[in-house]
Amino acid sequence: MSDEWLERWQVGRIGWHEKEGNRSLQKHWRASGRRVLVPLCGKSMDLNWLERQGNEVVGVELSDIAVEAFFEENEIAYSVVPGELTAYVAEDRRITIYCGDYFGFAEGSFSGFYDRGALVALPPDLRRDYVRHTRSLLSADAAMLIIAVEYDESIATGPPFSIAKDTMGALWPELECVDRYDDIENCPPKFRDAGLKQLMEAVWRSPSAVSADD
């Protein structure tokens, strides 16, 4: 999985990237004053949006191409701090991206968690390990929001992978599905090319993700 992810960034196969950020995040997240963890963040504009809501944002990304592109495209000055995972630290913003294997990341604890591109990128055999590791980094009252997708895998295959409601409920029983809508127009082109007519984006959220005053 790691080699494939790096290759996608090397050749520019990043059909999942949303230039304007994720609308479900902007609609359903209201928490501020949090230290927010964003795994497999790529060069997502969601990092900027979360910071503008008054949060400290920490992304983790495997590809240095993606990390450097985020800072360069947003014209954000940064410094590079060596470590177990190399840290790219914004000089005048509350954004840091660690570059390396997420399962080797241990810079907790976090009071916020946002996942749009990590869980859906992982094959089923890695999902429980991912959830277990993520939980080890979060505080008990962490504000959480996860974006999942659901589609007919007999027509198209991931990543991003389809994650059914029952699967999400088993992995994150404390989260509630608060929104679900067809997002086929914004999905990676390979799905439409395969003949997929519907791709549902499902929004899973903890109650603390909507609190604007904590």
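Helices (H or I, at least four residues) and strands (E, at least two) are DSSP runs, numbered from the N terminus. Keep that in mind for every stop on this tour.

This is a predicted model: local features need pLDDT of at least 70, side-chain atom pairs count only at pLDDT 80 or more, and totals for chains, interfaces and linings use all residues. Residues are numbered from 1 along each chain as its sequence is written, and side-chain values use heavy atoms, with hydrogens and water left out.

**Stop 1: the whole chain**

Show everything as a cartoon. The chain has seven helices and nine strands. Of its 214 residues, 52% count as buried. Buried means under 20% relative accessible area, exposed over 50%, and partly exposed in between (1.4 Å probe, protein chains only). Now think about contacts, meaning heavy atoms within 4.5 Å. Among those between residues at least 6 apart in sequence, 67% join residues at least 24 apart.

**Stop 2: the sheet**

Select the strands. Two strands pair if DSSP finds at least two bridges between them. Nine strands form an open sheet with mixed pairing, in the order 3-4-5-2-1-6-7-9-8. Look at the edges: strand 3 (78-81) and strand 8 (176-182) each have a single partner strand, so one side of each has no neighbour in the sheet. On average, neighbouring strands are turned by 15 degrees against each other, direction ignored. For such angles, axes are lines fitted to C-alpha atoms, for helices over the stretch in contact, and angles run from 0 to 180 degrees between N-to-C directions.

**Stop 3**

Select residues 95-99, which are strand 5. Are its faces covered or open? Both are covered: Ile95, Ile97 and Cys99 are buried on one side, Thr96 and Tyr98 on the other.

Glycine 59 has isoleucine 97 in strand 5 as its bridge partner.

Strand 4 and strand 5 run antiparallel, joined by four bridges. Valine 89 stands opposite threonine 96. The hairpin from strand 4 to strand 5 passes through four residues.

**Stop 4: strand 1, strand 6 and helix 4**

Move to strand 1 (residues 35-39) and strand 6 (residues 110-115). They run parallel, with two bridges between them. Valine 36 has glycine 112 in strand 6 as its bridge partner. Then bring up helix 4 (residues 64-73), which packs on the sheet. Helix 4 touches strand 2, strand 3, strand 4 and strand 5, and its direction makes about 160 degrees with that of strand 5.

**Stop 5: helix 5**

Select residues 124-137. This is helix 5, lying across strand 1, strand 6 and strand 7 and running at about 145 degrees to strand 7. Which of its residues are buried? They are Arg127, Tyr130, Val131, His133, Thr134 and Leu137. Their cover includes strand 1, strand 6, strand 7 and helix 6 (165-171).

**Stop 6: aromatic rings**

Rings of Phe, Tyr and Trp (its six-membered ring) pair if their centres lie within 6.5 Å; planes under 30 degrees apart count as stacked, over 60 as edge-to-face and the rest as tilted. The whole structure has 10 aromatic pairs. Show tyrosine 102 and tyrosine 130. Their ring centres are 5.6 Å apart and their planes are at 45 degrees, so the pair is tilted. Tyrosine 102 sits in the loop between strand 5 and strand 6, tyrosine 130 in helix 5, 28 residues apart. Tyrosine 102 is buried, with a relative accessible area of 4%. Tyrosine 130 is buried too, at 1%. Then find Phe70, Phe71, Tyr78 and Tyr88, which form one aromatic cluster.

**Stop 7: isoleucine 146**

Isoleucine 146 is in strand 7 (residues 138-150). It is buried, with a relative accessible area of 0%. Leaving aside neighbours within four places in sequence, isoleucine 146 contacts several residues, including Phe113, Leu119, Met168, Trp172 and Trp204.

**Stop 8: aspartate 46**

Lys and Arg count as positive and Asp and Glu as negative; His and the chain ends are not counted. A salt bridge is a side-chain nitrogen of Lys or Arg within 4 Å of a carboxyl oxygen of Asp or Glu. Aspartate 46 is buried yet has no salt bridge. Its nearest side chain of opposite charge, arginine 116, is 5.5 Å away. Beyond neighbours within four places in sequence, aspartate 46 is in contact with Gly21, Asn22, Leu25, Tyr114 and Arg116.
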